[in-house]
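Me: I would like to learn how to read the features of a structure, one at a time. Please give the general idea before each case.

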Amino acid sequence: MFEFCTDPSVLGDVQWLACYLTTAKHANLYFAVGLVLVLLAITAPTALAFGFAAASAARSKFRPLAWVAHGYINLVRGVPDTAFFLFFIIALDQGFEWVRHKVRCPDWDAPIRQGNDFIVCQAAKLPLGEADQWVHEIYGFFLAVLTFSIVFGAFAGNVLYGAMRTVPRAQMETAEAYGMTPRQSFWRILVPQMWIYALPGLSNVWMVLTKATPLLFLLGVEDIVYWARELAGTALPKFTDYPHGDWRMWYFLALLVFYLGLTRVSEIVLDRLMIKLSHGQATTGGEALRKAAA
């Protein structure tokens with residue numbers, strides 16, 4: 001905090017606002033912004049990995065594996081995100097604790113499920129009761145990343161599966177004619193060419209992912225929407241040195257600008273990536289680039 005913030009009652013308007021925006025609670029808001037960006041940076045490649053694995057499995061000639069992959073894609077896509085988050089985060093947490101309970105407390109003779117209660121031994125708790133607060137926060141963030149990755153991995157898997165099917169069959173037949181194995185033709189022919197077909201759909205998945213970050217509050221993570229709501233409400237003089245009225249409109253306007261800015265940056269990056277992927281491809285975009293270069 002600035003040195004001149006010691007007595008807010010005698011500050012000018014600009015100084016008062018500067019002091020107000022540098023309080024500890026606002027530091028939590030700024031940290032939450034970074035948290036959302038870190039979540040996106042980790043979740044996007046992780047979800048893409050889930051989706052690629054699901055799409056590859058869906059193409060498998062081993063039918064049980066293909067059924068599992070199609071089931072994952074269709075099941076997750078068919079459940080509303082909010083309902084999935086509310087259910088899955090509880091089931092995932094209890095699943096981890098159940099496995100730890102079986103390993104660490106094999107002599108436990110009481111039932112784990114007792115009515116509506118889920119009771120495991122203390123050694124199986126995640127995190128442990130005596131763990132520091134940062135451990136609980138890291139664990140909650142890990143569950144959030146995993147949940148987001150599984151949900152949006154299903155959407156990415158559907159897009160990638162369609163892109164794999166869009167690559168002309170003649171390309172694969174040519175690779176086979178040159179003596180490539182199925183594995184070689186998959187990695188050298190199919191995968192490099194599918195991205196140009198997948199990118200429009202993956203762009204939509206990315207945009208939806210950025211808009212879904214406010215659902216973090218369902219997973220117990222204090223995100224930017226949570227702190228904006230906390231800070232925007234009327235602050236009375238007896239509770240704070242910086243009283244103000246109902247400022248929700250301004251805080252949520254700031255969130256609007258943040259998400260629109262993130263969307264615009266995403267559009268620029270994705271457009272450039274599309275141009276790069278179109279080079280040398282037998283698509284409308286690739287043909288337009290070839291004619292422009294000529």
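The dialogue below goes from the overall fold to single residues.

Me: What kind of model is this, and how are residues numbered?

Reply: This is a predicted model, in which local features need pLDDT of at least 70 and side-chain atom pairs count only at pLDDT 80 or more, while totals for chains, interfaces and linings use all residues. Residues are numbered from 1 along each chain as its sequence is written, and side-chain values use heavy atoms, with hydrogens and water left out.

Me: How many helices and strands does the protein chain have?

Reply: Helices (H or I, at least four residues) and strands (E, at least two) are DSSP runs, numbered from the N terminus. Here the protein chain has 10 helices and 2 strands. Their order from the N terminus is α-α-α-α-β-β-α-α-α-α-α-α.

Me: How is the span of a helix judged, say for helix 4?

Reply: The expected span is 1.5 Å times one less than the number of residues. Helix 4 has 24 residues and covers 34 Å from its first C-alpha to its last, close to the expected 34 Å.

Me: What percentage of the residues in the protein chain is buried?

Reply: Buried means under 20% relative accessible area, exposed over 50%, and partly exposed in between (1.4 Å probe, protein chains only). Of the 294 residues in the protein chain, 37% are buried. In helix 4 the buried residues are Phe84, Phe85, Phe88, Ile89, Leu92, Glu97 and His101. The buried residues of helix 4 pack against helix 3 (63-78), strand 2 and helix 5, where contact means heavy atoms within 4.5 Å.

Me: Which residues form a disulfide?

Reply: A disulfide is a pair of cysteine sulfur atoms within 2.5 Å. The structure holds 1 disulfide: Cys105 and Cys121, with sulfur atoms 1.8 Å apart. This pair links distant parts of the chain, 16 residues apart, with Cys105 in the loop between helix 4 (81-104) and strand 1 (113-114) and Cys121 in the loop between strand 2 (117-118) and helix 5 (133-166). The link of Cys105 and Cys121 is right-handed, with 85° about the S-S bond.

Me: Why does Cys105 count as buried?

Reply: Cys105 counts as buried because its relative accessibility is 15%. Cys121 is also buried, at 5% relative accessible area.

Me: Which residues touch the most other members of the largest nonpolar core?

Reply: A nonpolar core is a set of buried Ala, Val, Leu, Ile, Met, Phe, Trp, Tyr and Cys residues joined through side-chain atoms within 4.5 Å. The largest has 67 residues, of which Phe148, Phe152, Met194 and Ile224 touch the most other members. Helix 5 gives the most to this core, with 17 residues. Apart from it lies another core of 6 residues, including Cys105 and Phe118.

Me: Where is Val205, and what is it in contact with?

Reply: Val205 is found in helix 7 (residues 182-212). Leaving aside neighbours within four places in sequence, Val205 is in contact with Phe152, Phe155, Ala156 and Val159. The C-alpha atoms of Val205 and Phe155 are separated by 6.8 Å, although the two residues are 50 apart along the chain.

Me: With which side chain does His244 make a polar contact?

Reply: A polar contact is a pair of N or O atoms within 3.5 Å; within protein, one must be able to donate a hydrogen and the other to accept it, and residues adjacent in sequence count only if both atoms are side-chain atoms. The side chain of His244 makes such a contact with the side chain of Tyr20, at 3.1 Å. His244 is found in the loop between helix 8 (224-232) and helix 9 (248-278).
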